[in-house]
Amino acid sequence: MKTFINIILTIVIAFILGLFLPWWSVMIAGFIMGAVVGLKKASSFFVPFLAIALLWIVNAWFLAQPNDFTMTKKIAVLLPLEGNTFLLFLITGIVGGIAAGVAGVFGNQCKQLIAGKK
């Protein structure tokens, strides 16, 4: 349950920050949630990763849908994806997820450093 709440809160914070800040605002959201909700070991990376990857994939799909994925198909042709828009969405999610996951680990480490734990 703690993981699910962390995913939802990370998505909400990243979405709100994304309205006002550039793409790296997902790192702020991952850092905040990593520092506030202390997850253990690998989950401090994978929970923000999953949250932001999901957010970016869904957001990219909603942005590409109104024009029938025209620009998405053209970008997927430029990259070595053979025009596969699904792979483009997946890569987009992975890039955002890695950024948020690293920030989540950093937030968790800062929390442990301030608390005096190793």
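Helices are DSSP runs of H or I of at least four residues, numbered from the N terminus. The close-ups below are taken from a predicted model.

**Close-up A. Serine 44 in helix α3.** S44 is found in helix α3. With a relative accessible area of 6%, S44 counts as buried, because buried means under 20%. Its side chain reaches the backbone oxygen of K41 at 2.8 Å. Leaving aside neighbours within four places in sequence, S44 is in contact with L39, G101, G104, V105 and N108.

Close-up B. The structure holds one cavity of 30 Å³ or more. About 40 Å³ of space lies in the largest cavity.

**Close-up C. The largest nonpolar core.** This core has 14 residues, of which I7, I11, A14, V26, I52, L55 and W56 touch the most other members. At least two core residues come from each of α1 (2-20), α2 (25-36) and α3 (43-64). The most are given by α3, with five residues. In general, nonpolar side chains in soluble globular proteins tend to be buried together.

**Close-up D. Surroundings of A14.** Not counting residues up to four places away in sequence, A14 touches S25, V26, A29, I52 and L55. Of these, V26, I52 and L55 are, like A14, among the core residues that touch the most other members.

**Close-up E. The largest pocket.** About 270 Å³ of space lies in this pocket. It is lined by 14 residues, and those closest to its centre are A60, L63, T72, F89 and T92. Helices α3, α4 (70-78) and α5 each supply at least two residues of the lining. The most come from α3, which gives five residues.

**Close-up F. Helix α5 from end to end.** Helix α5 covers residues 85-115, 31 residues in total. At 1.5 Å a residue the helix should span 45 Å, and its end C-alpha atoms are 45 Å apart, so the two values agree. At the start of α5, a side-chain oxygen of N84 comes to within 3.1 Å of the backbone nitrogen of F86. After α5 comes G116, which has a positive phi, near 90°.

Note on methods
Residues numbered from 1 in each chain as written. Predicted model: local features only at pLDDT ≥ 70, side-chain atom pairs only at ≥ 80, totals over all residues. Heavy atoms only, no water. Core = buried A, V, L, I, M, F, W, Y, C linked by side-chain atoms within 4.5 Å. Buried < 20%, exposed > 50% of the residue type's maximum accessible area, 1.4 Å probe, protein only. Contact = heavy atoms within 4.5 Å. Expected span 1.5 Å × (residues − 1). Polar contact = N/O pair within 3.5 Å; in protein donor to acceptor, adjacent residues only side chain to side chain. 1 Å grid on protein atoms, 1.4 Å probe; cavity = no way out; pocket = protein on both sides within 12 Å on 5 of 7 lines; lining within 4 Å. Points joined across faces, edges and corners; volume = space filled by probe spheres on them.
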